[in-house]
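Here's a quick briefing on one helix pair and a handful of salt bridges. Have a look at the structure first, then read on.

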Amino acid sequence: MSEDISALLSQLYRSHFGKMVAVLMYHTGIKELAVSEDIVQEAFAIASKNWQKSVPDQPEAWLYKTIRNIAYNTLKKDSRKQVIEQDYIAQEVRQTSDQDILRVLFACLQPALPPKVQLVIVLRYVCGLRVKRIAALMACGEEGISKIIYRWRAQHTAENLLLDQNSAQPDEQKVRMALKVLYVMFTEGYQLGEDGNLADESLCEDALSLLQEIDKMGIEANGNVKALYALLLYNLARARSRTNHLDELIIWEEQDRTVWNKEMIAVANHYLLLSQRTSSRVSAFQLEAAIAFKHTSAKTYVETDWQGIAALYQRLAVASPSPFTKMGQAAALYFGGDEAAATTILNQLIANPFFQTYHLLHCFRARIYTDKGDIGNALACYKKALICPINAFERRFIAKKMQELTV
């Protein structure tokens, strides 16, 4: 398969797998999740073969039509032809709406299941992520993720999901988990791809669109819906500044702030303010959004309020304890001039087995050693970063930093 076709299919799979399964779940007589998933995967397999000759003008519509035809044949074999002729085949190829995706999302979030299982199921059936990617995101083995999905779909049918989600409003626990999933969904798409662009812009757009839909439902969640929406907009507004004209990853202080999307930042400011007005207590998403606000409100890197950011991270560490939050706090402390406090936190993190394979921690420590003129230790940290799980884009950045130190 040519690289272009492979990339196109991978993008469509990531951004539309869950939607395509939802089409089968809601608009056919097929009630088995396993069958629906198999049909969608078969359509992609057919596309990988047929598109070698010519890629259709509307790839997404082509896939939906192929799925429709496979579903027709499946139901015909099962003597269920009448259902699909009336409810599906007679209709034009259609896509699911945000309301449809939200129904699937909230249906997958079943309180009786452990949070980990809920997250795995949503990442698979709503976000359309492959097992390998889910395993990487959750730092688990692929076999374990596969077992979770297999066991869950063996116990649930599309019919059961429909019954589960007929409640007027999702409860607080489901909303909280949904927001967490949408954050992960956005983060997955926001990563840098091999070409220096967003890994999957459609995932970012879908996360924002679903958040808007939740907001339209009148769900406040203590201001968290609007706060998360603001946070994601702040991040997206700055996406283009992460690379230079040579498509090279660049450090924070060298990024060009003139390419930030000012209109998007203004909208984010508005939603953060609305969030603060409608909440009874400060939440983790509000604190994260406030940190992003301080970054975007600084006209230059030098004017960044690092002390204020460090204080917000301190509050965030209490509201939502996480080693990643501590690392953010360490960075704010260091750039704010408190190297001793930052180093103390980093020494605690490096003792965590996970962070020993987390390249950003090693790069941060390399930066500190570089600023102190300790080239030997800086290079040692960069070498540790190179053996961590990283993509080619990050590898080039680290290699360039090491080259600068040896010139």
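**Helix packing and salt bridges**

Helices α6 and α10 are oblique to each other, a label for angles that are not under 35 degrees (roughly parallel), over 145 (roughly antiparallel) or 65 to 115 (roughly perpendicular). Bear in mind that this is a predicted model, where local features need pLDDT of at least 70, side-chain atom pairs count only at pLDDT 80 or more, and totals for chains, interfaces and linings use all residues. Residues are numbered from 1 along each chain as its sequence is written, and side-chain values use heavy atoms, with hydrogens and water left out.

**The α6/α10 pair**

- The axes of α6 (residues 115–125) and α10 (residues 172–190) come within 10 Å and cross at roughly 55°; helices here are DSSP runs of H or I with at least four residues, numbered from the N terminus.
- Those axes are lines fitted to C-alpha atoms over the stretch in contact, with angles running from 0 to 180 degrees between N-to-C directions.
- The crossing of α6 and α10 is right-handed, meaning the near helix is turned clockwise from the far one by less than a right angle.
- On the α6 side, Pro115, Gln118, Leu119, Val122 and Leu123 meet Gln173, Met177, Val181 and Val184 of α10, where contact means heavy atoms within 4.5 Å.
- Sorted by type, the residues of this α6–α10 contact are 7 nonpolar, 2 polar and no charged.

**Salt bridges**

- The count comes to 11 salt bridges, each being a side-chain nitrogen of Lys or Arg within 4 Å of a carboxyl oxygen of Asp or Glu.
- Within helix α8 (residues 142–155), Glu143 and Lys147 sit 4 residues apart, about one turn of the helix, and they form a salt bridge with the closest N and O atoms 3.5 Å apart.
- Glu143 counts as exposed at 58% relative accessibility, whereas Lys147 is partly exposed at 39% (buried is under 20% relative accessible area, exposed over 50%, partly exposed in between, with a 1.4 Å probe and protein chains only).
- Glu220 and Lys226 pair up with their closest N and O atoms 3.4 Å apart, and Asp215 joins both of them in a network of salt bridges.
- Lys226 is buried at 10% relative accessibility, while Glu220 is partly exposed at 31%.
- Lys400 bridges to Glu248, with 3.0 Å between the closest N and O atoms.
- That pair links distant parts of the chain, 152 residues apart: Lys400 is in helix α20 (residues 392–406), and Glu248 is in the loop between α12 (224–237) and α13 (262–278).
- Lys400 is partly exposed at 35% relative accessible area, and Glu248 is partly exposed at 27%.

Conventions. Helices (H or I, at least four residues) and strands (E, at least two) are DSSP runs, numbered from the N terminus. Ala, Val, Leu, Ile, Met, Phe, Trp, Tyr, Cys and Pro count as nonpolar, Asp, Glu, Lys and Arg as charged, and the others, Gly among them, as polar.
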